[in-house]
Amino acid sequence: MKKTLAIALVLLMCFSVFAQGSSEAPAEKKATKIGFVVIGSENDQGYTYNFMNGMNAAMAKLKADGYDVELSVKREIGEDAGCVDANLALAAEGCEIIFNNSYGFEQYMQQAADEFPNVQFVSLTNCGSQVDGRDNTYNAFAAIYEGRYIAGVAAGMKLQQLIDEGKIKPEGAVIGYVGAFSFAEVVSGMTAYYLGARSVCPSATMLVQFVGSWSDPTLEAEAAKALIDKGAVMISQHSDNTTPATTAQERGVFHTGYNNDMTGVAPKASLLSCRIDWTNYFYTFVANYINGVENPSDYCGEMARGEVVVTELNTAIAAPGTQEAMDKAAAAIADGSLQVFDISKFTIGGATPTNEMMYDSFAAVQGNATYDGYFHESSLQSAPYFVGQIDGITWLNAAF
């Protein structure tokens with residue numbers, strides 16, 4: 001079975017294949033149909049847009065390498081029973097692998113997996129399928145907190161420039177963060193971002209407004225406006241649309257984005273974005289499947305493999321020295337001299353944080369992630385599990 005020790009060596013070998021990417025074409029061409037269930041569409045210019053870019057790039061590379069593959073997509077699917085129907089429909093069409101791209105899809109995907117045990121079902125940005133006892137379900141995520149930290153450095157450099165030029169006072173270095181939900185995925189990312197900003201702008205603080213939706217452009221814009229009204233001069237987001245960026249530009253403040261380069265829609269506000277590049281994962285999962293190589297039940301993408309990406313810096317508005325500061329932080333993360341969740345760099349309630357203060361009790365894999373002086377995010381499972389509410393970040397509304 002997938003989750004037994006009997007396949008541990010196989011999974012280890014498979015991880016190595018993921019690290020390098022499998023490019024060996026199958027001996028015989030065989031049409032393989034791939035399904036994709038997505039919560040939005042490419043029109044969001046954010047979350048689903050980023051996923052579809054990765055999928056389309058992977059399909060193109062598979063075809064170029066001699067694989068006979070087809071793609072079928074179900075768009076604008078809700079986190080409800082309709083997700084079961086979408087997965088069942090794709091399986092009935094003959095899809096042999098079905099990817100699902102939203103956190104709330106997993107329980108519905110698992111129901112479909114029971115109906116089609118010979119189909120491979122992959123839940124992206126989630127964590128339960130790796131331990132659900134099913135042989136045909138998988139999880140994948142990436143160490144996006146590293147990209148968030150780097151984006152935070154760019155934001156902090158801009159805030160410090162505004163202080164140095166006398167445009168704001170040190171206490172005015174306020175970041176406004178539009179968060180979808182208070183899940184570990186959002187809390188981990190926003191905390192990493194704040195720590196990156198504070199590493200170059202020590203007086204920075206952050207206000208967070210949760211909207212209770214992954215993708216609601218109106219709510220995201222309203223949250224950004226509310227944060228700016230409370231003094232935020234830098235807006236960032238863990239939400240699916242570009243409206244926080246355009247709102248920042250309309251209100252004359254700055255912004256960093258997620259999932260897509262948003263400088264095109266807000267060139268006077270948006271500095272850069274960070275995102276996960278899913279191309280390698282999609283390509284390798286499909287290639288492994290076709291070639292008869294078992295895929296790992298849980299996979300975490302890394303910045304070192306180009307799976308966590310920071311988009312090009314908008315030098316027209318970035319503070320001088322920003323690229324150098326980002327490069328320095330990235331190099332330090334890569335060589336291990338900088339740990340994003342270094343517990344000497346933050347407190348919770350005025351105290352040095354413990355594992356119990358930070359580890360998500362709802363994580364699929366439980367364990368101690370706090371040792372050697374830092375919290376080891378995404379080491380026990382790919383999906384984030386940091387939920388600490390650190391000093392310097394204020395939640396403006398109740399958690400969702």
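This is a predicted model: local features need pLDDT of at least 70, side-chain atom pairs count only at pLDDT 80 or more; totals for chains, interfaces and linings use all residues.
Start with helix 5 and helix 10. Helix 5 covers residues 144-164, and helix 10 covers residues 322-335. Their axes come within 9 Å. They cross at roughly 150°. Angles over 145 degrees count as roughly antiparallel, and helix 5 and helix 10 are therefore roughly antiparallel to each other. The crossing is right-handed.

Which residues of helix 5 and helix 10 make the contact? Helix 5 brings Glu146, Tyr149, Ile150, Val153, Ala154 and Met157. Helix 10 brings Thr322, Ala325, Met326, Ala329, Ala330 and Ile333. By class, this contact has ten nonpolar residues, one polar and one charged. Glu counts as charged, and Glu146 belongs to the helix 5 side of the contact. Thr322 sits on the helix 10 side.

Now turn to the cysteines. A disulfide is a covalent bond between the sulfur atoms of two cysteines. How many disulfides does the count give? The count comes to zero. The cut-off here is a pair of cysteine sulfur atoms within 2.5 Å. Take Cys83. The nearest cysteine sulfur belongs to Cys95 and is 14 Å away. Cys83 is in no disulfide. Is Cys83 buried or exposed? Its relative accessibility is 0%, so Cys83 counts as buried. Cys127 is also in no disulfide. For Cys127 the nearest cysteine sulfur is that of Cys300, 12 Å away. Buried means under 20% relative accessible area. Cys127, with a relative accessible area of 10%, is therefore buried.

Next, a loop. Where does Val131 lie? Val131 is in the loop between strand 4 (120-124) and strand 5 (137-142). Its relative accessible area is 47%, so Val131 is partly exposed. Tyr283 is 152 residues apart from Val131 along the chain. The C-alpha atoms of Val131 and Tyr283 are separated by 24 Å.

Last, helix 8, residues 243-251. Which residues of helix 8 are buried? They are Thr243, Pro244, Ala245, Thr247 and Ala248. Gly252 follows helix 8. The phi of Gly252 is positive, near 75°.

Methods:
Residues are numbered from 1 along each chain as its sequence is written. Side-chain values use heavy atoms; hydrogens and water are left out. Axes are lines fitted to C-alpha atoms, for helices over the stretch in contact, and angles run from 0 to 180 degrees between N-to-C directions. Helices (H or I, at least four residues) and strands (E, at least two) are DSSP runs, numbered from the N terminus. Angles under 35 degrees count as roughly parallel, over 145 as roughly antiparallel, 65 to 115 as roughly perpendicular and the rest as oblique. A crossing is left-handed if the near helix is turned anticlockwise from the far one by less than a right angle, and right-handed if clockwise. Contact means heavy atoms within 4.5 Å. Buried means under 20% relative accessible area, exposed over 50%, partly exposed in between (1.4 Å probe, protein chains only).
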